[in-house]
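Work through the exercises below with the sequence and the model open. Each task is followed by a solution in steps.

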Amino acid sequence: MTPPSASRRGALLTLACVALACSSVDVVARLQGDQGADAGEGRVAFCEGAPLIFGEGAETRCLPRLPAQLFRYATCACEGIVATDLRTDSFDSTRGAFSAPGETGGAVGVNGRINAGGNWTIGGSLTASGDWTGAAELRVARDLRLDGRLVGPLVHVDRNADVNGDVQVDDLRIGGQLRVPAGATVNAPASDVGGTLEESVNVEPPCGCGGEERLNIAAFVASVRADNDNGDGLSPTALANVLSTETLRLECGRYYLDSVGATAPITLRIAGRVAIFVENDLAADALTIELEDGGELDFFIAGNIVSAGDLRIGRPESPASVRLYVGGAGTINLQSEARLAANLYAPDAQLVLAAETEVFGALFARRIDAESLRVHFDTSVSRTDSACPTPSRCDRCDQCPPVQGCVDGACAACRDDADCCAPLVCNDGTCEPDG
């Protein structure tokens, strides 16, 4: 059956996969667009679970592995986090929906400055490239790693704390060891510390914000401009100027859009494995993304999310199923009406959140500004790359399957935590979330 035109307002568009046979070798090549496969074969390969590969050689990126590479932390910021109150915890959506706030897990990483005005309660580890100072209280359920000073009224860390500077805390409790460089001052009138070591402290920036770790989202989008599954049913300009309510249902496939611009509500219903690539900005006063059973979405936006008033994305019971990748350098404002049950990667954007924001999933941005932020991290997001090839050699842990470490230049079972990508830990040879 031929689907109706998506440009017709209020239309319900269904783009279905067809059943053809292809070999696994042809699948990868065709999805890369270098073997001249027709659109039908490319879609079938994608629908059957074949990995979508970007780039060549050392720059190759495999779509199913991106979540494990990018969303290891509940919250990661390349320049800094400004938040009065921040709370993180975690759950595994493959075992059931989120039910109990305060579960351990949900690490936080900051490559720059922390500005905390109230209380931070981190369910996992906290790693930062700068100081922790000010009047905020800090509670960390795993480890604390700071490449700077630790100053505050109250700091409680359940395990170990590495601080590359002076420590001045009124109420300091550390379940394990406090490690500081030789000559550092430790001043804690009320303290309960398992032990103090004076030795070199090295805290690497936790978030992959530059170099080979960074995604070239614009290049990803450009690569599917002429090799996609739009067919005759979906015009690249179908959502460029939506003036009345629009509902678009997409079954499995790779879809290209020039832009998304709407002054009326848009609903995207995702009915299978879907990847959407937008060349320019997404500007929608009201956008809803719904997942049908079995639906999952990778949404690449080369430009910015320039308007997100009423934004409702994903399902809180399965936030790992939606991944948003934003290449623009503007400001993403999530208003009080927004509901985000997804994993957002926007390394060049400033993310500004409403007064009280609850997120199911993970946040990765250049800078995060929030008043009161709750993040419920879905640990299953880092275990969804079984279709990706394993490289013959590795230079970094994130090049390997997420359960493996980079051991002496090869992807293999981990020996200790250092073989895994932080904040993952090694458990009987397997890298897994800490919590």
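**Exercise 1.** State how many helices and strands the chain has.

Solution. The chain holds 4 helices and 32 strands. Both are DSSP runs numbered from the N terminus: helices are H or I with at least four residues, strands E with at least two. This is a predicted model, in which local features need pLDDT of at least 70 and side-chain atom pairs count only at pLDDT 80 or more, while totals for chains, interfaces and linings use all residues. Residues are numbered from 1 along each chain as its sequence is written, and side-chain values use heavy atoms, with hydrogens and water left out.

**Exercise 2.** Find what share of the chain is buried.

Solution. Of the 435 residues in the chain, 55% are buried (under 20% relative accessible area, 1.4 Å probe, protein chains only).

**Exercise 3.** Describe the largest nonpolar core and the surroundings of F299.

Solution. Step one: a nonpolar core is a set of buried Ala, Val, Leu, Ile, Met, Phe, Trp, Tyr and Cys residues joined through side-chain atoms within 4.5 Å. Step two: the largest such core has 109 residues, and W120, W132, L150, L268, F299 and L363 have the most contacts inside it. Strand 28 (residues 356-378) gives the most to this core, 10 residues. Step three: leaving aside residues up to four places away in sequence, F299 touches L268, I276, V278, L282, I289, R323, L324 and Y325 (contact: heavy atoms within 4.5 Å). Step four: C414, C420, C426 and C431 are among the 5 residues of a second, separate core.

Methods
Buried means under 20% relative accessible area, exposed over 50%, partly exposed in between (1.4 Å probe, protein chains only).
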